[in-house]
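Trainee: Hi! Could you walk me through this structure? I'd like to know what to look at.

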2 protein chains.
Amino acid sequence: MDAVSAPASIEELLDRIMEVSDGLPKRLRQCADYVVANPDRIAVSTVAEMAEAAGVQPSAFMRFCQVLGFSGFSQMQRLFRDSYIPAWPDYSTRLEKLRQSGAGSPSALLAEFVEAGRLSLETLTRTIDPRTLDVAVKALSEASMVHIVGLRRAFSVASYLAYGFEKMNVPTMLHDHVGKLDSHHAIRAGDAVIAITFAPYSAETVALAEAGARAGASVVAITDSLASPLRPVTPLLLTVQEADFGDFRLLSATLSLAVALVVAVGTANRERQNGI
Amino acid sequence: MDAVSAPASIEELLDRIMEVSDGLPKRLRQCADYVVANPDRIAVSTVAEMAEAAGVQPSAFMRFCQVLGFSGFSQMQRLFRDSYIPAWPDYSTRLEKLRQSGAGSPSALLAEFVEAGRLSLETLTRTIDPRTLDVAVKALSEASMVHIVGLRRAFSVASYLAYGFEKMNVPTMLHDHVGKLDSHHAIRAGDAVIAITFAPYSAETVALAEAGARAGASVVAITDSLASPLRPVTPLLLTVQEADFGDFRLLSATLSLAVALVVAVGTANRERQNGI
DNA sequence: CTCGCTATGGAATATACTTTCCATAGCAGA
DNA sequence: TCTGCTATGGAAAGTATATTCCATAGCGAG
């Protein structure tokens, strides 16, 4: 064992972990991964707890500490205990404090948006009709290709959906209108279109959804109200109410809906393939 | 001694301390005062350390714990340690189970993701250091141009930031790598770069952040752990821990952080312009 | 002033944790 | 296939910590 000195700060420690982790045996690697992912637990845990959480024996965790240059777990723990930033007065109190700490300070703003995001998520489960969601998933999973369109602030959601579907091996086309290219002739019967738009609604998105409907594709709409111009286009309307802040729509709830769509469609597809 | 049950939460504990502290003898009063003033030390200290810091004997501190209804110091400490660790462990395993059980109807999935999103938001307020956030906002608002880079799943966040900054009249360039075009020479001294990447980290994003740093731009990193390759590049590291589900990173918390950045920078800019 | 009660400090004990050690399993090279 | 090395798990030893106990100091009441 190379007799190196113990890291003197958490930074140094992480550097050292990065440095050695490639040449580490399996169990020690598990320790490294766990520590990097959960550095906050070290200060308040025992070796036994850390080892169990990392899926190794306490002795293995000890060896890990020693490889890093510490005399043992206790020394490593001292590092974390000294630089321990308390997380509690638990959530609500902390949020309150954050908010009060200077009305317009960035962290006060963050607190606001976090709270708004939580509210949006709460309402999401209520406003989404399970049956509509089921039908939408079915339509998407049966489509030979999924077209996705969403511009301006909805573009984040569109790009995330495109990424997710691609990862799930679902044939996907993201209509990003780069170079003002409108590729609505790419949509065919048997395809599906996901159109995302919020007030003030984007004309291009609505146009593409309409073109898709005319071409015989199923259209799934993600929008913000029943007054959306997408309502005449399709019965598959997933409405998400999110807190607005001036021009800034929080997308927490919309993104969660997007992930749910992706995973649901992906697994449905897989099951269908296995079933055949 | 009145045989009351132990407080079940930190709030209850503090209530109880307030309640009894008037009728407490000198040394026990010292303990009460110290605990109320430094509750954050309890989770990471031993009785001996707490006692010394409070200026009493360990046995006195023990009596104090018992007066509050605890069996001893350990039980009281567990309260603080547990409250530090969020209900966040084995979230991915939970989702994995859900997925394997096949019972994942779309709306059940949605509920899971909503819950995961809420957790992510809660931890966000803890993992973000207000000072780092302040400095990051300052750097961004002083930049003559903000460059944004984030690829793959981080692209949603990048595009949202670009949209938001543009709306806020902040000069912005989104490095989207369309056509594999790498425009890193566009970054100059006095600019700022926001680099967003999550494990497995995208080499292009890191490269652009490095190029920015070399060019003399301030770099703000949005990433998922202290082990991120962006850590050597910049001290302005905003880490967001979010529940992963296979390849699917929920972005609720990251998006909230993005909105906070946009609004904070936007208003800072506006104030500066009015001030001049 | 004395008695009796409570508070206090320190030492003794018990417990829990860390750390080490050893036997064995696994693996790579001869 | 055998040999030697490394990795691993489990248990034992050591250490630190929590907890209890008791002797005594302090204090108020009679």
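Mentor: Happy to! Let's begin with a term: helices (H or I, at least four residues) and strands (E, at least two) are DSSP runs, numbered from the N terminus. Keep in mind, too, that this is a predicted model.

Trainee: Let's switch to the DNA. Which residues come nearest to DNA strand D?

Mentor: Of the 15 residues around DNA strand D, the nearest are A:Arg27, A:Gln57, B:Val47, B:Gln66 and B:Phe73.

Trainee: What part of the strand do the protein atoms meet?

Mentor: Among the atoms of DNA strand D within 4 Å of the protein, 72% belong to sugar or phosphate, and the rest belong to bases. For example, a backbone N or O atom of B:Val47 is 2.7 Å from a phosphate oxygen of DNA strand D. On the base side, an N or O atom in the side chain of A:Ser59 is 3.2 Å from a base oxygen of DNA strand D.

Trainee: Which element gives the largest share of the surface near DNA strand D?

Mentor: That is H4(B), with 3 residues. By class, the surface near DNA strand D has 5 nonpolar, 7 polar and 3 charged residues.

Trainee: Now DNA strand C. Which residues come nearest there?

Mentor: A:Val47, A:Gln66, A:Phe73, B:Arg27 and B:Gln57 come nearest, out of 15 residues around DNA strand C. The side chain of A:Ser74 has an N or O atom 3.2 Å from a sugar or linking oxygen of DNA strand C.

Trainee: And who supplies the largest share of the surface near DNA strand C?

Mentor: H4(A) does, with 3 residues.

Trainee: How do H2(A) and H4(A) cross?

Mentor: Their axes come within 9 Å and cross at roughly 75 degrees. Angles of 65 to 115 degrees count as roughly perpendicular, so H2(A) and H4(A) are roughly perpendicular to each other.

Trainee: Which residues meet there, H2(A) with H4(A)?

Mentor: From H2(A), they are A:Arg27, A:Leu28, A:Cys31, A:Ala32 and A:Val35; from H4(A), they are A:Ala60, A:Phe61, A:Arg63, A:Phe64 and A:Val67. This contact has 8 nonpolar, no polar and 2 charged residues.

Trainee: New topic: how many salt bridges are there over all chains?

Mentor: The count is 8. One of them pairs the side chains of A:Glu19 and A:Arg16, at 3.5 Å from N to O. Both residues lie in helix H1 (residues 10-20) of chain A, 3 residues apart, which is about one turn of the helix.

Trainee: Last one: what is the phi of A:His177?

Mentor: A:His177 has a positive phi of about 55 degrees, although it is not a glycine. You'll find A:His177 in the loop between strand E2 (172-175) and E3 of chain A.

How values were computed:
Residues are numbered from 1 along each chain as its sequence is written. Chains are lettered from A and ligands numbered from 1 in the order in which they are written. This is a predicted model: local features need pLDDT of at least 70, side-chain atom pairs count only at pLDDT 80 or more; totals for chains, interfaces and linings use all residues. Side-chain values use heavy atoms; hydrogens and water are left out. A residue is near a molecule or strand if one of its heavy atoms lies within 4 Å of it. A polar contact is a pair of N or O atoms within 3.5 Å; within protein, one must be able to donate a hydrogen and the other to accept it, and residues adjacent in sequence count only if both atoms are side-chain atoms. Ala, Val, Leu, Ile, Met, Phe, Trp, Tyr, Cys and Pro count as nonpolar, Asp, Glu, Lys and Arg as charged, and the others, Gly among them, as polar. Axes are lines fitted to C-alpha atoms, for helices over the stretch in contact, and angles run from 0 to 180 degrees between N-to-C directions. Angles under 35 degrees count as roughly parallel, over 145 as roughly antiparallel, 65 to 115 as roughly perpendicular and the rest as oblique. Contact means heavy atoms within 4.5 Å. A salt bridge is a side-chain nitrogen of Lys or Arg within 4 Å of a carboxyl oxygen of Asp or Glu.
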